[in-house]
Amino acid sequence: MPANTPARHLTPIAAVIGSLALAGSLTACGGDSAAADAKVVTVYSADGLKGENGDGWYDKVFQDFQKRTGIKVEYVEGGSGEMVQRAVREKTNPQADVLVTLPPFIQQADGEGLLQKYAPKGSEQVNGTDKAADATWTSVVNNYFGFVYNKKELKQAPTTWDELLDGRYKNKLQYSTPGVAGDGTAVLIKAIHDFGGKDAALAYLKKLQANNVGPSASTGKLAPKVDKGELLVANGDVQMNYAQSKDMPNLGIWFPRATDKAADAGKPTTFALPYAAGLVTKAPHSENGRKLLDFMLSAAAQRQVSEIGGGFSARKDIKTTDANAIALAKLMDGVEVFQPDWSDIGQNLTTYVEDWKSATGS
């Protein structure tokens with residue numbers, strides 16, 4: 001797994017994101033001793049790890065966890081930024097026990113004081129760059145940013161960003177919202193890298209807006225639209241889209257390369273975008289949260305990351321050879337993995353998002 005070195009201390013999230021529809025019943029109360037003893041654990045998570053048909057990695061892990069411990073998992077899903085903002089609003093009376101989100105939102109959650117220190121069993125096998133130095137969070141599934149396209153309508157995937165400006169993509173292209181969705185934020189991060197700076201990236205995204213359908217709080221909702229042909233191209237990530245492709249035969253994964261003016265124009269690029277998990281500060285069921293984190297990082301669960309979830313194990317000692325693992329390795333072959341400046345992103349994300357809104361009129 002390539003190095004991924006997120007910043008440790010980030011500025012608080014300034015923007016308050018709108019209302020969030022919750023799935024599942026949230027009965028926990030931070031100061032209720034009866035609730036603390038309940039056989040339940042509540043997970044707030046970015047989308048991607050739960051299957052469309054109940055066959056995802058989360059589905060298997062949560063089911064096995066309940067069988068093993070008798071603890072039921074209450075699951076709430078949304079965009080990475082949405083999940084953190086929900087936890088921020090509930091800070092004085094936490095409802096979640098475990099928070100799972102993508103960079104840079106996991107670091108922002110840490111900076112907001114939302115995460116308490118806990119090193120799950122097995123976390124010693126996670127690369128130091130994929131976990132917090134003070135044990136407030138650790139990656140549970142490794143992953144990479146990517147795009148999807150409709151293989152039926154497009155005989156081959158686009159190659160460069162510039163191709164997406166073509167008129168054939170008008171109202172047939174969509175990407176999730178930076179600052180709200182983790183993968184949407186990743187679009188901005190990759191564009192800044194590929195175009196050599198923020199100004200050039202924003203100038204491009206302003207042009208792309210002519211073809212863009214509009215905002216989307218959830219990246220996971222875009223792939224079905226691509227598979228059906230409602231969209232030709234959308235953003236995503238390798239794990240989520242690979243898992244979705246099992247039930248979406250028209251879904252293909254690709255990685256944009258920079259324009260011909262860039263030094264690395266010939267190579268498609270991406271960066272690591274892991275699902276990172278932490279125990280919520282003053283979680284109503286802290287002990288149950290610890291048990292779930294231990295279970296997610298167990299060798300058995302990590303071997304299922306590729307086989308069931310279509311992702312990459314977070315543990316360096318887990319070597320998988322299942323069909324999915326082989327296909328994923330082939331997919332990543334020849335793709336240049338760069339290292340984002342997470343310190344800069346963390347410190348300036350709010351400004352970047354506001355500049356993106358201004359440039360695109362979003």
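**Reading a predicted model, value by value**

Guide: P104 is found in the loop between β3 (98-101) and α4 (105-111). Keep in mind that this is a predicted model.

Visitor: What makes the peptide bond from P103 to P104 cis?

Guide: Its omega angle. The value is near 0 degrees, and the bond is cis.

Visitor: Now S45. Where does S45 lie?

Guide: S45 is part of strand β1, which covers residues 40-46.

Visitor: Why is S45 called buried?

Guide: Buried means under 20% relative accessible area. S45 has 0%, so S45 is buried.

Visitor: What makes the link between S45 and Y58 a polar contact?

Guide: The limit for such a pair of N or O atoms is within 3.5 Å. The side chains of S45 and Y58 are joined at 2.8 Å. That value meets the limit, so the pair counts as a polar contact.

Visitor: Which residues is S45 in contact with, leaving aside its neighbours within four places in sequence?

Guide: Y58 is one of them, and the others are Y75, V76, E77, G78, M83 and V100.

Visitor: Let us move to a sheet. In what order do the 4 strands of the open sheet stand?

Guide: The order is β7-β8-β6-β9, with mixed pairing. The edge strands are β7 (173-174) and β9 (251-254).

Visitor: What makes β7 and β9 edge strands?

Guide: Each of them pairs on one side only.

Visitor: How do you know that β6 and β9 pair?

Guide: Two strands pair if there are at least two bridges between them. Strand β6 (residues 145-150) has 4 bridges to β9, and the two run antiparallel. The count meets the rule, so β6 and β9 pair. For one example, Y149 has G252 in β9 as its bridge partner.

Visitor: How many bridges join β6 to β8?

Guide: There are 5 bridges, and these strands run antiparallel. V148 stands opposite A234 in β8.

Visitor: Why do β7 and β8 count as a pair?

Guide: They share 2 bridges, in the parallel sense. The rule asks for at least two, so β7 and β8 count as a pair. Here Q174 has A234 in β8 as its bridge partner.

Visitor: What makes the pairing of this sheet mixed?

Guide: Look at the directions. β7 and β8 are parallel, while β6 runs antiparallel to β8 and to β9. The sheet's pairing is mixed.

Visitor: Why is β8 called largely enclosed?

Guide: Count its buried residues. In strand β8 (residues 233-237), 5 of the 5 are buried, so the rest of the structure largely encloses it.

Visitor: Which residues cover the two faces of β8?

Guide: V233, N235 and D237 are on one side, A234 and G236 on the other, and all are buried.

Visitor: Next, helix α11. Which residues of α11 are buried?

Guide: Helix α11 (residues 323-332) has N324, A325, L328 and M332 buried.

Visitor: How do you know that the buried residues of α11 line one face?

Guide: Look down the helix axis. The buried residues fall within an arc of 100 degrees, so they line one face of α11. On the other side, A323, I326 and K330 are exposed.

Visitor: What do the buried residues of α11 pack against?

Guide: Their partners are α8 (238-244), β10 (269-270), α10 (299-307), β12 (312-313) and β13 (336-337).

Visitor: What is found at the start of α11?

Guide: A side-chain oxygen of D322 comes to within 3.0 Å of the backbone nitrogen of N324. Just after α11, G334 has a positive phi of about 85 degrees.

Visitor: Why is N171 called partly exposed?

Guide: The class runs between the buried limit of 20% and the exposed limit of 50%. N171 has 48%, so N171 is partly exposed.

Visitor: And why does K282 count as exposed?

Guide: Exposed means over 50%. K282 has 63%, so K282 is exposed. K282 lies in the loop between β11 (275-280) and α9 (286-296), with a positive phi near 55 degrees.

Visitor: Last one. How many helices and strands does the protein have?

Guide: It has 12 helices and 13 strands. Of its 362 residues, 58% are buried.

Note on methods:
Residues numbered from 1 in each chain as written. Predicted model: local features only at pLDDT ≥ 70, side-chain atom pairs only at ≥ 80, totals over all residues. Heavy atoms only, no water. Buried < 20%, exposed > 50% of the residue type's maximum accessible area, 1.4 Å probe, protein only. Polar contact = N/O pair within 3.5 Å; in protein donor to acceptor, adjacent residues only side chain to side chain. Contact = heavy atoms within 4.5 Å. Arc of directions from axis to C-beta.
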